[in-house]
Amino acid sequence: MAVTEPKKNHYSDTFDEGFSTVPHYLAYPRMRPFVGCRYAGAKARILLVGESHYLPKNQTLHLDAQRWYQGQEGDFRPGQGLGWIHTREILNKSTGEWRKQGHAIYRNLDSALYEAGFQSGDSALEHIAFMNGFQRPARERLSLEVAPEDIEVGRETLAAVIDILRPDGVIFVSRKAARHLSGELKVPHGSVPHPASAWWNRASRRGTGKNQFIQQVSRICSGKAGS
């Protein structure tokens, strides 16, 4: 009988003590950031901020902002989509394993990070940290309809994560998240189009989204090298 090898973890739990103090992660611990296993020793510490998770169409817990933020993981019934908000398990794959259509964001980020020079390991995402900016999932295949609570909790959670991870720079990989959440950040930051959108590969005055991303990664790394 063949022996199945245990799945390799591409993430670290080094910062979990800090995350355990963040109110939103106490309620929804599966939403804690993915922190790559090589993040702490990377040539520059980069935090990528996406938009939001989403839940399948038959779920309703997330459709009311107040209900969601007053709730917790225990409000999910078995089989009702907890895996859809499990940030670490979604990103915990080797290069080439994000095959689902909804995971194009991670395929494209992994490829761009590799081109930017993060080439060691089984996945370029091992070198970075990733979280979503909005802490409430959207409807499946739709962008989140942002409520005031989403902005408040999103800003508080992002600020807490930055205090814990102390990144050299933050890149929002969602213009929408950047527009609502980046205003008060005290760390170098920028934004690019969503990696799963047409603008990732479409040329604009600033270049493709992918090229903008690689340039911003390079600037953060250059700033770190000169510090």
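Strand S2 and strand S4 (residues 129–132) pair in the parallel sense over 4 bridges, where two strands are said to pair if DSSP finds at least two bridges between them, and where strands (E, at least two residues) and helices (H or I, at least four) are DSSP runs numbered from the N terminus. The model is a predicted one, in which local features need pLDDT of at least 70 and side-chain atom pairs count only at pLDDT 80 or more, while totals for chains, interfaces and linings use all residues. Residues are numbered from 1 along each chain as its sequence is written, and side-chain values use heavy atoms, with hydrogens and water left out.

S2 is also joined to strand S6 (residues 169–172), and these two strands run parallel, with 4 bridges between them.

S2 itself, which spans residues 46–50, is mostly covered, with 5 of its 5 residues buried; buried means under 20% relative accessible area, exposed means over 50%, and partly exposed lies in between (1.4 Å probe, protein chains only). In a regular strand the side chains alternate between the two faces of the sheet. In S2 both faces are covered, with Ile 46, Leu 48 and Gly 50 buried on one side and Leu 47 and Val 49 buried on the other.

We can now turn to the aromatic rings. A search of the whole structure finds 9 aromatic pairs, counted when ring centres of Phe, Tyr and Trp (its six-membered ring) lie within 6.5 Å, with planes under 30 degrees apart called stacked, over 60 edge-to-face and the rest tilted. Phe 19 and Tyr 25 form an edge-to-face pair, because their ring planes stand at 75°, with the centres 6.0 Å apart. Phe 19 counts as buried because its relative accessibility is 0%, and Tyr 25 counts as buried at 3%.

The pair of Trp 200 and Phe 213 is tilted, because the planes are at 50°, with the ring centres 5.8 Å apart. This pair links distant parts of the chain, 13 residues apart, since Trp 200 is in the loop between strand S7 (189–191) and helix H8 (209–225), whereas Phe 213 is in helix H8. Both Trp 200 and Phe 213 are buried. Elsewhere, ring pairs link Tyr 28, Trp 68 and Phe 76 into a cluster.
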